[in-house]
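Here's a quick tour for anyone meeting this protein for the first time. Have a look at the model, then read on.

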Amino acid sequence: MTDTIAKLLRTAFVAGIALVGMIMAAILLASTAVALAIVYVVAKLRGKPFVANTYWKRSQTRWGFGGGNAEGATAAAAPARSTSGYANRMKRSDIVDVEVRELS
């Protein structure tokens with residue numbers, strides 16, 4: 001009898017944690033939708049189209065990962081670490097294939 005009660009409590013606890021996780025995911029989804037809506041409205045008010053690709057490139061360039069000079073990004077805005085080996089590899093947009101080798 002006590003084993004059944006323990007299993008029931010354990011199941012209720014796991015279900016409660018799963019429910020809390022789903023609520024947190026829903027809050028994250030809703031806040032992301034609100035943030036995108038705000039960015040879209042601000043872009044419309046400024047008279048510029050909101051294109052996610054342009055926004056992504058500008059954001060990546062600002063942190064030293066994007067290639068080229070995106071709109072609104074200046075050389076002064078790029079951090080000094082943009083010349084690291086990892087950033088240089090990330091800047092190459094001509095990579096189209098990756099070979100996977102099995103190590104044994």
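Leu19, Met22, Ile23 and Ile27 together make a nonpolar surface patch of about 420 Å². Patches like this are built from residues with over 30% relative accessible area and no salt bridge, with nonpolar side chains joined within 5 Å; a salt bridge is a side-chain nitrogen of Lys or Arg within 4 Å of a carboxyl oxygen of Asp or Glu. Areas come from the Shrake-Rupley method with a 1.4 Å probe.

This is a predicted model, where local features need pLDDT of at least 70 and side-chain atom pairs count only at pLDDT 80 or more, while totals for chains, interfaces and linings use all residues. Residues are numbered from 1 along each chain, and side-chain values use heavy atoms, leaving out hydrogens and water.

Met22 sits in helix H1 and counts as exposed because its relative accessibility is 55% (exposed is over 50%, buried under 20%). Helices are DSSP runs of H or I with at least four residues, and strands are E runs of at least two.

Here are two spans to compare:

| Span | End-to-end C-alpha distance |
|---|---|
| Helix H1, residues 2-46 | 66 Å |
| Residues 12-43 | 46 Å |

UniProt's unreviewed entry labels residues 12-43 "transmembrane region", though such annotations may be inferred rather than shown by experiment. That span is 100% helix. After H1 comes Gly47, with a positive phi near 85 degrees.

Overall, the protein has 3 helices and 0 strands, and buried residues make up 9% of its 104 residues.

Methods:
The expected span of a helix is 1.5 Å times one less than its number of residues. Patches are made of residues with over 30% relative accessible area and no salt bridge: like charges are joined within 9 Å, nonpolar side chains (Val, Leu, Ile, Met, Phe, Trp, Tyr) within 5 Å. Buried means under 20% relative accessible area, exposed over 50%, partly exposed in between (1.4 Å probe, protein chains only).
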